[in-house]
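Student: Could you show me how to read the sheets and the ligand site of a model like this one?

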Amino acid sequence: MMGWQSAVRDGLVEVGVVPYNGFTYDHVNGTKIGGTTFDADGQRHTAADLLEYANPKGITLLLHATVHKILFKTKGVSRPLARGVIFRDALGKIHKAYLTRGEMNEVILTSGALGSPQMLMLSGVGPSKQLKAHNITVVLDQPNVGQRMMDNPMNAIFVPSPIPVEVSLIEVVGITSFGSYIEAASGENFAEHYALNDYGMFSPKIGQLSTVPPKHRTPEALEKAINAMSGLDDAVFRGGFLLEKIMGPLSTGHLELRTRNPNDNPSVTFNYFQQPEDLRRCVNGLKIIENIIESKSFSKFRYDSLSLPALLNLTASAPVNLLPKHDNVSVSLEQFCKDTVMTIWHYHGGCHVGDVVDQDYKVIGVDKLRVIDGSTFNYSPGTNPQATVMMLGRYMGVRIMNERLAKEKSQN
Ligand SMILES: Cc1cc2nc3c(=O)[nH]c(=O)nc-3n(C[C@H](O)[C@H](O)[C@H](O)COP(=O)(O)OP(=O)(O)OC[C@H]3O[C@@H](n4cnc5c(N)ncnc54)[C@H](O)[C@@H]3O)c2cc1C
């Protein structure tokens with residue numbers, strides 16, 4: 001671990017985020033070094049890697065295919081029964097795929113927190129009023145589909161550095177007792193990319209913090225964003241940032257269909273900071289960050305001439321989101337939380353266990369359909385969720401396979 005991350009680690013401990021737990025995968029209060037899905041060569045690993053270990057016999061994997069609808073049998077059955085899907089292949093051709101005979105065969109939906117509620121609704125399982133508004137035949141009136149959508153709000157303070165900093169993504173983590181999760185990233189690549197009009201993590205084209213939504217990235221929109229960013233002080237892109245995200249969150253929102261096209265994003269409202277406790281966690285997290293910035297451990301990465309309000313103003317003047325900024329953003333941490341809120345992309349919910357699926361991830365009220373993905377999560381503690389979602393998939397896969405094997409054995 002290099003300078004910036006080490007200074008944040010020491011700063012966290014200095015300001016009381018203790019004990020220091022060293023390297024651990026565990027979610028425990030204190031300061032730690034976290035795990036990563038990148039390997040030693042910088043290669044990131046995903047669920048697709050697990051295919052290598054699968055038995056390919058009987059598996060057909062279609063790339064760039066889009067499911068348009070889950071098909072249900074509704075006649076002659078006591079309740080709707082999933083029997084297949086309609087999908088469009090990579091060449092745009094429409095197909096229907098049906099489950100083969102077999103008591104345990106089923107459709108498993110894994111389209112994620114935005115995709116799974118959307119797909120259920122497109123297939124007729126959801127709030128009937130909304131489905132009817134889109135001329136979708138109601139298979140099951142299920143008002144909870146798309147409800148209690150959550151996204152852990154993230155807020156960051158950008159800290160321009162007087163000395164060079166290493167390129168680093170999240171390594172050190174501070175887990176506080178009050179529900180705020182502190183991390184840091186840095187990179188002189190911000191400055192290098194600045195010269196190339198790319199802006200690293202802020203890159204309008206590819207950046208995680210881009211303010212231009214992926215589907216709006218026309219050449220004109222990108223040029224406009226780059227022009228807006230080139231008007232900013234160079235200091236914004238030199239140094240790094242300390243960020244906090246809150247656990248939970250307690251505030252929830254909802255997802256609604258905009259069209260019947262599965263390629264169109266649904267409309268999602270997360271209601272960031274609607275619950276006062278979420279705002280309190282954000283403010284307390286920012287106070288810790290301010291203390292770290294002022295700590296002895298972090299002093300070499302900080303311009304003495306830049307006061308904390310000046311740093312808050314600097315962040316608020318960066319295009320972190322599309323919200324209007326208020327005059328008191330540098331003096332009220334509550335206002336700073338609201339005005340500079342970003343996503344850390346850990347949105348979840350919409351098909352909660354107990355509301356939309358049961359304990360076995362089976363969709364309540366229909367047969368032969370499960371949802372197994374981040375849409376079933378009702379809480380995200382701050383730790384990055386990807387590995388947990390992958391392990392949920394593995395856990396359920398192993399369980400379903402064992403149930404099938406046991407069934408086959410009992411029938412022989
Ligand atoms: C920009 C970004 C950065 C992130 N960084 C991290 C990180 O560093 N660490 C971490 O732990 N987590 C990170 N996350 C969060 C993590 O990726 C998610 O929590 C996790 O992938 C959720 O898994 P999932 O299976 O629920 O959904 P997804 O991974 O979103 O999988 C859903 C899949 O379904 C497909 N799909 C959707 N609709 C259809 C359809 N109609 N037909 C066919 N396919 C469809 C989608 O294309 C997608 O491949 C990040 C997320 C984003 C967006």
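Tutor: We will take the sheets, then a helix, then the ligand. Residues are numbered from 1 along each chain as its sequence is written, and this is a predicted model, in which local features need pLDDT of at least 70 and side-chain atom pairs count only at pLDDT 80 or more, while totals for chains, interfaces and linings use all residues. Side-chain values use heavy atoms, with hydrogens and water left out.

Student: In what order do the strands S3, S4 and S5 lie in their open sheet?

Tutor: Strands of a sheet pair through backbone hydrogen bonds, either parallel or antiparallel. Here strands are DSSP runs of E with at least two residues, helices are runs of H or I with at least four, and both are numbered from the N terminus; two strands count as paired if DSSP finds at least two bridges between them. In this case the order is S3-S4-S5, with antiparallel pairing. Because S3 and strand S5 (94-98) each have a single partner strand, one side of each is left without a neighbour in the sheet. Strand S4 (residues 81-88) pairs with S5 over 5 bridges, and Ile 86 has Lys 96 as its bridge partner in S5.

Student: Which strands are at the edges of the sheet with 4 strands?

Tutor: That open sheet runs S15-S14-S9-S17, again with antiparallel pairing, and its edge strands are S15 (267-269) and S17 (348-350). Within the sheet, S9 (residues 147-150) and S14 (residues 253-256) pair over 2 bridges, with His 254 in S14 as the bridge partner of Gln 147.

Student: What does the UniProt record say about residues 112-126?

Tutor: The unreviewed UniProt entry annotates them as "domain: Glucose-methanol-choline oxidoreductase N-terminal", although such annotations may be inferred rather than shown by experiment, and feature names are shortened and positions given in the numbering used here. In the model this stretch is 73% helix and 13% strand, with its end C-alpha atoms 16 Å apart.

Student: Which residues come nearest to the ligand?

Tutor: A residue is near a molecule if one of its heavy atoms lies within 4 Å of it. Of the 18 residues around the ligand, Arg 44, Val 67, Gly 374, Asn 384 and Gln 386 come nearest. A polar side-chain atom of Arg 44 lies 2.7 Å from a ligand oxygen atom, a side-chain N or O atom of Asn 384 is 3.4 Å from a ligand nitrogen atom, and a backbone N or O atom of Gln 386 lies 2.7 Å from an oxygen atom of the ligand.

Methods
A polar contact is a pair of N or O atoms within 3.5 Å; within protein, one must be able to donate a hydrogen and the other to accept it, and residues adjacent in sequence count only if both atoms are side-chain atoms.
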